[in-house]
Amino acid sequence: QVQLVESGGGLVQTGGSLTLSCVASGSILSIINMNWYRRAPGEQRELVATISRSGVTNYRDFVKGRFTISRDNAKNTVFLQMNNLKPEDTAVYYCNADVHLVDARLQNFWGQGTQVTVSS
């Protein structure tokens with residue numbers, strides 16, 4: 001029905017930057033909220049940032065001032081600009097979206113994740 005594909009992960013040194021992208025495709029009428037989560041080794045998955053269709057954003061305290069979430073509604077794409085990265089940001093980052101399908105159902109979807117590794 002809907003596929004979310006993340007890209008942009010990789011290995012970066014402390015203080016470096018990365019930009020993650022996530023493109024949604026499939027039976028999409030519109031996308032409401034787009035979100036980024038992460039799961040560090042041995043930890044549970046946690047919310048990082050959210051953005052509404054109108055562009056209202058929310059961040060967890062541990063990324064405020066360092067990460068910026070944005071989206072391109074015409075391209076069904078969400079971005080996560082990550083600056084001043086720290087070793088504790090090392091995790092698999094997942095894209096998540098609340099999607100209105102063409103058949104009018106509302107459903108939540110996940111991407112497969114992209115690895116971000118920050119070396120000290």
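These questions and answers cover strand pairing and salt bridges in a predicted model.

Residues are numbered from 1 along each chain as its sequence is written. Local features need pLDDT of at least 70, side-chain atom pairs count only at pLDDT 80 or more, totals for chains, interfaces and linings use all residues, and side-chain values use heavy atoms, with hydrogens and water left out.

User: Which residue in strand 8 is the bridge partner of leucine 18?
Analyst: Strands are DSSP runs of E, at least two residues, numbered from the N terminus. Two strands pair if DSSP finds at least two bridges between them. Strand 3 (residues 18-26) and strand 8 (residues 77-82) pair antiparallel over six bridges. Leucine 18 is partnered by methionine 82.

User: Which residue in strand 8 is the bridge partner of phenylalanine 67?
Analyst: Strand 7 (residues 67-72) runs antiparallel to strand 8, joined by six bridges. The partner of phenylalanine 67 is methionine 82.

User: Which residue takes a positive phi in the hairpin of strand 7 and strand 8?
Analyst: Four residues lie between these strands. The phi in question is near 50°, and the residue is asparagine 76.

User: Is arginine 38 buried or exposed?
Analyst: Arginine 38 forms a salt bridge (side-chain nitrogen of Lys or Arg within 4 Å of a carboxyl oxygen of Asp or Glu) with glutamate 46, at 2.9 Å between the closest N and O atoms. Buried means under 20% relative accessible area, exposed over 50%, partly exposed in between (1.4 Å probe, protein chains only). Glutamate 46, at 27%, is partly exposed. Arginine 38 has 6%, so it counts as buried.
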